[in-house]
Amino acid sequence: MFIEKQHISRRTVLKGMGVTLALPFLDAMVPSGTAWAKTAAAGKVRLVAVEMVHGAAGSSVYGSVRNLWAPAATGREFDLSPGALASLTPFKDHLTIVSNCDVRNAEAFTPPEIGGDHFRSSATFLTQMHPKQTQGSDVRAGTSLDQLYAERFGQDTPIPSMQLCIENVDQAGGCSYGYSCVYTDSISWASPTEPLPMIRDPRAVFDQLFGVGATPQERNERRGEDRSILDWIAGSASRLKRALGPADRARLDDYLQDVREIERRIQTIEARNASGEPRELPGAPVGVPDSFDEHARLMFDLQVVALASDVTRVFSFKMGRDGSARVYPDSGSKAPFHPASHHQEKEDRILDYAKINKYHVGMVPYFLEKLARTQDGQGTLLDNSLVLYGSPMGDSNLHNHKRVPMFLAGHAGGRLRGGLHIRTPDGTPMANAMLSMLHALGLEDMASFGDSTAALDLNAAPTAATTA
């Protein structure tokens, strides 16, 4: 398809005091007479890596038999309804489930490391390396999957990558079992010795996304005016619209409305938390919602507008923190998160913990739906994204790292077919799947990752579908 029209740069921004607003993909960004596939914007895959801690009920022996995580059938004819992944059914064609993998590098290697699984697991998730046991500054793990991709393909965006979280982070000193807190707090590592801090406050994320290049003083002055950021770029937005066609004007309006709605929600949260009313999370920043649902959805919405405008192509999102005793009333379980994961192999408690797993996964369809509704070139953001969701722990009751929960969503720009459940042979490293993800993301020259033994074909269905 060739499009004849006035061309604007993919890096066009709307600017005002303390505001830099990048734009979503517009037809006008395809040069006149140029096929979309030949443009610089084509083939840019977005990567979102989501960690949820404490494994899954489906990783226990009883849970695996009951298919509380992975579906019974492998191949393409699988049913998600019995387990934690049921809410993903509308996105089955975009889903690649990889089950029965292990994360050996999260296990204890020496006697002093025994019992410290919760304090090293997160550092292993995206690095697939064994963290050095230390409470000092001499931490060491490995370069994480998201940062390998950002280093190669994120340097031409205003922000190469962003790291977000839901729970509180310490980022200093020692935690327990001889491990530094940074191992618990971060899943992204720029190098084996450089963990990256996670951002918990939606206001801080918003300001980074839409205040690129602004000084802190400019941002404070802008907020002090008690106006929307859109007020500061209204003139330039109007001028741009006059140069756009009807479809692009509508797309830009929708995008600006999304940004304004996110800003309004942040302002409402801040006003509520600053009102003096008792909070469920009294120690949290004023911009952090007390509600897990509200916080997760707000963080997902921020990711959608950032990916749509190509401010960044890479997110890591830590949705839980090891050892958390948070209660999720909407899950149907009254048990605190960490104690619930220690179900003592009792069937009723395993089933209760499965409710929490199902609730956590239930946050993801909201994000996938937003990606699916957002145009990106000749497809959608979901078509052009790879979303990883998983945990480096399997059966948290045993502190083991076998049969770890994991799924992928999105077509990665056509490199993942989706609609597939792959049950790997016993002992297969999770790193094998991640090596294949890196290949799908364009890092085909990587021969290994973590403790990988071989790449895993993420598009090949078994010769015959099997049932557990």
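This is a predicted model: local features need pLDDT of at least 70, side-chain atom pairs count only at pLDDT 80 or more; totals for chains, interfaces and linings use all residues.
The side chain of Gln163 has a polar partner: it makes a polar contact with the side chain of Ser161, at 2.8 Å. Leaving aside residues up to four places away in sequence, Gln163 touches Gln147, Ser188, Leu196, Pro197, Met198, Ile199 and Ser316.

Next, follow the chain to helix H5, residues 202-210. This helix is mostly covered, with seven of its nine residues buried. Those buried residues are Pro202, Arg203, Val205, Phe206, Asp207, Leu209 and Phe210. Have a look at the start of H5 as well: there, a side-chain oxygen of Asp201 comes to within 3.0 Å of the backbone nitrogen of Arg203.

Finally, turn to a pair of helices, H9 (residues 246-273) and H10 (residues 292-308). They pack at an angle of about 150°, and their axes are 11 Å apart. Because of that angle, H9 is roughly antiparallel to H10, as angles over 145 degrees are counted that way. The crossing of H9 and H10 is left-handed. On the H9 side, the contact is made by Tyr255, Asp258, Val259, Ile262, Arg265, Ile266, Ile269 and Arg272. H10 contributes Glu294, Arg297, Leu298, Asp301, Leu302 and Val305. What kinds of residues make up this contact of H9 with H10? Eight are nonpolar and six are charged, while none is polar.

Conventions: Residues are numbered from 1 along each chain as its sequence is written. Side-chain values use heavy atoms; hydrogens and water are left out. Buried means under 20% relative accessible area, exposed over 50%, partly exposed in between (1.4 Å probe, protein chains only). Helices (H or I, at least four residues) and strands (E, at least two) are DSSP runs, numbered from the N terminus. A polar contact is a pair of N or O atoms within 3.5 Å; within protein, one must be able to donate a hydrogen and the other to accept it, and residues adjacent in sequence count only if both atoms are side-chain atoms. Axes are lines fitted to C-alpha atoms, for helices over the stretch in contact, and angles run from 0 to 180 degrees between N-to-C directions. Angles under 35 degrees count as roughly parallel, over 145 as roughly antiparallel, 65 to 115 as roughly perpendicular and the rest as oblique. A crossing is left-handed if the near helix is turned anticlockwise from the far one by less than a right angle, and right-handed if clockwise. Contact means heavy atoms within 4.5 Å. Ala, Val, Leu, Ile, Met, Phe, Trp, Tyr, Cys and Pro count as nonpolar, Asp, Glu, Lys and Arg as charged, and the others, Gly among them, as polar.
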